[in-house]
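Please look through the structure below with its open spaces in mind. The paragraphs that follow take its pockets in turn.

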Amino acid sequence: MIKAGIIGGSGYTGGELIRLLLNHPETTIDFVFSTTRAGKQVTTAHQDLLGLTNLEFTGTINPNVDVVFLCLGHGNSTKFLEENTFSNSTKIIDLSNDFRLSQDAVLHGKTFVYGLPELSRENIKTATEIANPGCFATSIQLALLPLAKAGLLENEVHINAITGSTGAGVSPSATSHFSWRNNNVSWYKPFTHQHLGEICESLDSFGNKTGKLFFLPTRGNFTRGILATAYTKFEGSVEDAQNLFKDFYADAIFTHVSDEPIHLKQVVNTNNCHIHLHKHEDVLLVTSAIDNLIKGASGQAVQNMNLMFGFEENQGLQLKAGVF
Ligand SMILES: NC(=O)c1ccc[n+]([C@@H]2O[C@H](COP(=O)([O-])OP(=O)(O)OC[C@H]3O[C@@H](n4cnc5c(N)ncnc54)[C@H](OP(=O)(O)O)[C@@H]3O)[C@@H](O)[C@H]2O)c1
């Protein structure tokens, strides 16, 4: 059994990590650090864990854990690692965007590897620091990577992705307030969302020309999941596209191409990404669906931990969606 520590334990991704790690056969949770709840039961923040754990939040860390997950807002991971030291053998998995871009990937001589297993499984296996991808970034990259690798993404790509309110974290805000969010839909950060940087780095990593991405993020009036659509010019048939995607994801145990149109609830509460392909005239429409907190955050972090420690990649992640 390896020992895990969680920083930022009272937030949404922290809560999902606790839930996943409690059920992971190779892991024990050594501590859950919280700046606001030290000494209190974990269940005071995560009522869904009542009866599953007697863990208390701590105000101190154990620097000798085997793995630590940072579940902090942007900028706070760097600050936390500046102020706290872990043993040389502790592996670090950061869920923020502090280390995702190659220009930000080095801290104190340690290089964070971008943790999207479908893109860089072998590098993740030998990594000691992981920058876990963003949630929108995960859904959009999984929709576009096969085309980028095949050099078929040289035209403009139009992307729309709708996310649940948990994507914005546990602290209430004007746009996550029930009265505003319920029965409401709105876009934000049109064409400028911060995840475009990591998406473009991954698409460009194959060395092929990539067309301009036009990404419109949308806030949905539900709590969990991301449904992304992306369309671009494509000369082949839909069968060509399906074969391309199925080949690319042949070894991916969580990313699956569906012959049927997909919907969000079939992936919520799982680490899966489902993808559907549709051809209209000379345009290919790619749809992808993930759970923002699982494949888009804590589940992917556990998947990365499994790869780093040589566990089965799906250990602790065999989850069933609550479709009905
Ligand atoms: N939500 C998603 O769908 C999602 C998906 C992918 C990636 N991410 C990224 O994952 C990270 C965590 O997201 P989240 O949704 O879990 O956020 P969250 O619900 O807001 O939780 C973040 C936690 O960080 C701690 N914290 C807040 N301010 C802090 C500070 N100044 N210094 C130290 N700790 C502080 C708090 O926990 P304590 O009070 O217990 O210390 C807080 O509950 C973010 O960087 C986010 O962008 C989120």
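Which element gives the largest share of the lining of the largest pocket? That share, four residues, comes from α2. The model is a predicted one, in which local features need pLDDT of at least 70 and side-chain atom pairs count only at pLDDT 80 or more, while totals for chains, interfaces and linings use all residues. Residues are numbered from 1 along each chain as its sequence is written, and side-chain values use heavy atoms, with hydrogens and water left out.

The largest pocket has a volume of about 1,200 Å³ (a pocket is an open set of points on a 1 Å grid over the protein atoms alone, where a 1.4 Å probe fits, with protein on both sides within 12 Å along at least five of seven lines, and its lining residues have an atom within 4 Å of a point; the volume is the space filled by probe spheres set on the points, which are joined across faces, edges and corners). Among the 50 residues that line this pocket, Gly-73, His-74, Gly-167, Ala-168 and Gly-169 are the closest to its centre. Two or more lining residues come from each of α1 (12–22), α2 (76–83), α4 (135–149) and α8 (294–309), where helices are DSSP runs of H or I with at least four residues and strands are runs of E with at least two, numbered from the N terminus. Because domain 1 (2–133 + 295–309) and domain 2 (135–292) both give residues to the lining, the largest pocket lies between them; the domain bounds come from an automatic or database domain assignment.

The second largest pocket holds about 250 Å³ of space. It is lined by 15 residues, and Arg-100, Val-113, Tyr-114, Leu-119 and Glu-201 lie nearest its centre. The elements that give two or more residues to this lining are β8 (113–114), α3 (117–125) and α6 (196–204). Domain 1 and domain 2 both contribute to the lining of the second largest pocket, so this pocket too lies between them.
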